[in-house]
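Got a model open and want to get your bearings? Let's walk through it one question at a time.

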Amino acid sequence: MTIYNFLSSILSYVFTFIIYLFIFSVIRLIYLDVKKMSRFEKNNTDDVACASLKPVKSRVDISSPLKSRYAIYGYAEIGRASSCDIQLHEDFISAKHARIWFDSGEWYLEDLGSRNGTAVNGQRIREVVILDPEDEISFGGLNFVFEL
Amino acid sequence: MSNISGAGRGRPVVLLVLMNLLGFGLLYFANGFNINIIWVGLGLLGLFVIMYAVLTLCKMGDKFIVPMACMLITMGVILLCRIDIEKYGIKQIAWVALGGAAFFVAYAVYYNFKYWHKLWILYFLGGAALFIATLLFGKTVNGSKNWLQIGGFAFQPSEITKILFIMFLSCHFSGCRTEPLLGLKPRYVTWLGTYVFIGFLVLQRDWGTMLVLFSIYIFMLYVYEKSRGFLLMNIGAASVIAILGYHFLHHIQVRVSTWLDPWSDISNKGYQITQSLFAIASGGYFGRGIGNGSPGYIPEVHSDFIFSAVCEEMGVFGGAAIIILFFLIAYRCFKISIQTTDAYDKALSFGLTVMFAMQTFIIVGGVTKMIPLTGITLPFVSYGGTSIVVSFASLGIIQAISAKSERGKNLEGDASNQPQEDQQ
């Protein structure tokens, strides 16, 4: 019986450990659950990479005023169509002009076969390019500065 | 992100299984290699695994409440098997199995039936009928007449009344019933209903349940009633009743005097509470180990005073773990109550949560001599058929509410996704 008493005293520490580990893991899962839900409620702006396009002086004439800044949450299509995330209602912008997205630490820009083309720092792009902060992007002559 | 949370999903259940295996393995040695212990442990384990599997596979709402309740039951059953396996342990397992069935039945019935908010008169009459039946045919145990025997099957009607009472209050507080009844506004209907129920409980001398019902009423009033005057009036009335009760009822005077000073009459009136305090003190931080303590000295250790036994054999940390688990259950239930959009579901889940929380507060406070002791069971931990089954059934209702609101949200999500797909 003394062996049992000894075993039981040892196990009392084990039980305490298991119970608190249980409580800890439940709290952790609840925490993750709540975090996921709050991100869902905030419309995915919390954990997603953010960048923005800031209009700068262009040589083309524009028909409608531009916003002071266009935010990009992880992925954005730029174009005239209403399905685009950033809509630019100009004649020289194609319906789907270009797209910008974030993937594993880098921002990418791709021209979607637009008529007037897309240029980065004055260089017209033919393929996917990696964007750096303060790059100047031109959509058919309409200039923006890419900012993080 | 999804990988991290995916890896940890099943961890609480693994720990629960480990706790059961170790606990019942130890009890197997303690009781002289009684093979019944193994069957009891395996039965309990099977029940938990089935409940958790059904819950996750069928996506029945919140996944955290049931494992936490199962942990509480594990601690309770291990203690009860250690106190007396034949008398309490095996019976408790049977009650837990019945409770598991009650959980799913309550879930299915509450989920599929849609007119709960219209049946307020049935809840009131059902509760009153149970009270009257108890008063007429009831059996007196430990000074309160709160047992009803039908055939060979005895149960406590006041446990069932608690749920009926919460449903009755929810009908009125949620605004599902607004037209006056016999010239009385809903707030006075609930007021009258509450005091009728409390009157019955005074006749039965069931102070614990009375305290639970009244605190549920006060909490719901605090949440739903706009005028603070009405709330203060109720609290004032309760204080007046309490003072009158103290002056005229010997029963309550004894309770208060043993609370203030149990040491002066240690061999008689203060015996139970002082033994409970000795047990808690002898446990220390980590407890003396299952089977090493002597919880048999405390009268009613299997039902009301189970918390003292937990403190003695699993230590203050074990007792604190029980309180933390109830805390977390209450938190999850309040969250379900906040998330759901249906007014009646909101009120009902809130009331049920307050019931769990108040019951825990009243009995844990009572056995640790923080408030005057009133006999009431600790949900999920104490021995008691009606208590276990009713606690599980209320958990089933909360689970159904959670499932409803979660699935409702998914439906909305699908609806808002549809137009986007059309455009592409």
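Q: Is B:Lys369 buried, partly exposed or exposed?
A: Keep in mind that this is a predicted model. B:Lys369 sits in the loop between α14 (343–367) and α15 (385–423) of chain B, and its phi is near 60 degrees, a positive value in a residue other than glycine. Buried would need under 20% relative accessible area and exposed over 50%. At 24% relative accessibility, B:Lys369 therefore counts as partly exposed.

Q: Which loop holds B:Arg205?
A: B:Arg205 isn't a glycine, yet it has a positive phi of about 60 degrees. With 37% relative accessibility, B:Arg205 counts as partly exposed. Its place in chain B is the loop between α8 (186–204) and α9 (207–224).

Q: How many residues does α13(B) give to the side of chain B that touches chain A?
A: On the contact count, 40 residues of chain B meet 29 residues of chain A. Between chain B and chain A there are six residue pairs in polar contact, both at pLDDT 80 or more. On the chain B side, α1 (2–8), α2 (11–30), α4 (65–83) and α13 (306–339) each supply at least two residues. The largest share comes from α13(B), and that is twelve residues.

Q: What share of the area buried between chain B and chain A is on carbon and sulfur atoms?
A: Look at charge pairing across the two chains: the count between chain B and chain A is zero salt bridges. The residues of the side of chain B that touches chain A split into 26 nonpolar, eight polar and six charged. Chain B and chain A bury about 3300 Å² between them, and the part on carbon and sulfur atoms is 75%.

Q: Which residues does B:Thr353 contact, leaving aside its neighbours within four places in sequence?
A: B:Thr353 is in helix α14 of chain B. Its relative accessible area is 1%, so it is buried. Leaving those sequence neighbours aside, its contacts are B:Ala330, B:Cys333, B:Phe334 and B:Ile398.

Q: How many residues apart in sequence are the parts tied together by A:Lys96 and A:Glu77?
A: The side chains of A:Lys96 and A:Glu77 meet in a salt bridge, 3.7 Å from N to O. A:Lys96 is partly exposed at 41% relative accessibility, whereas A:Glu77 is buried at 16%. Since A:Lys96 lies in the loop between β4 and β5 (98–103) of chain A and A:Glu77 in strand β3 (residues 75–79) of chain A, the parts they tie together are 19 residues apart.

Q: What separation along the helix do B:Lys162 and B:Glu159 have?
A: B:Lys162 forms a salt bridge with B:Glu159, and the closest N and O atoms are 3.3 Å apart. B:Lys162 is buried at 2% relative accessibility, and B:Glu159 is buried too, at 6%. Because the two are three residues apart in helix α7 (residues 157–173) of chain B, their separation is about one helical turn.

Q: Is B:Glu312 buried or exposed?
A: The side chains of B:Arg288 and B:Glu312 meet in a salt bridge, 3.7 Å from N to O. This pair links distant parts of the chain, with B:Arg288 in the loop between α12 (271–283) and α13 of chain B and B:Glu312 in helix α13 of chain B, 24 residues apart. B:Arg288 is partly exposed at 36% relative accessible area. At 2% relative accessibility, B:Glu312 counts as buried.

Q: What is the bridge partner of A:Thr118 in β10(A)?
A: Chain A has an open sheet of six strands in the order β2-β1-β11-β10-β7-β8, with antiparallel pairing. The edge strands there are β2 (70–73) and β8 (123–124) of chain A. Strand β7 (residues 118–120) and strand β10 (residues 136–139) of chain A run antiparallel and are joined by three bridges. In β10(A), the bridge partner of A:Thr118 is A:Phe139.

How values were computed. Residues are numbered from 1 along each chain as its sequence is written. Chains are lettered from A and ligands numbered from 1 in the order in which they are written. This is a predicted model: local features need pLDDT of at least 70, side-chain atom pairs count only at pLDDT 80 or more; totals for chains, interfaces and linings use all residues. Side-chain values use heavy atoms; hydrogens and water are left out. Contact means heavy atoms within 4.5 Å. Buried area is the accessible area (1.4 Å probe) that two parts lose on being put together, summed over both. A salt bridge is a side-chain nitrogen of Lys or Arg within 4 Å of a carboxyl oxygen of Asp or Glu. A polar contact is a pair of N or O atoms within 3.5 Å; within protein, one must be able to donate a hydrogen and the other to accept it, and residues adjacent in sequence count only if both atoms are side-chain atoms. Helices (H or I, at least four residues) and strands (E, at least two) are DSSP runs, numbered from the N terminus. Ala, Val, Leu, Ile, Met, Phe, Trp, Tyr, Cys and Pro count as nonpolar, Asp, Glu, Lys and Arg as charged, and the others, Gly among them, as polar. Buried means under 20% relative accessible area, exposed over 50%, partly exposed in between (1.4 Å probe, protein chains only). Two strands pair if DSSP finds at least two bridges between them.
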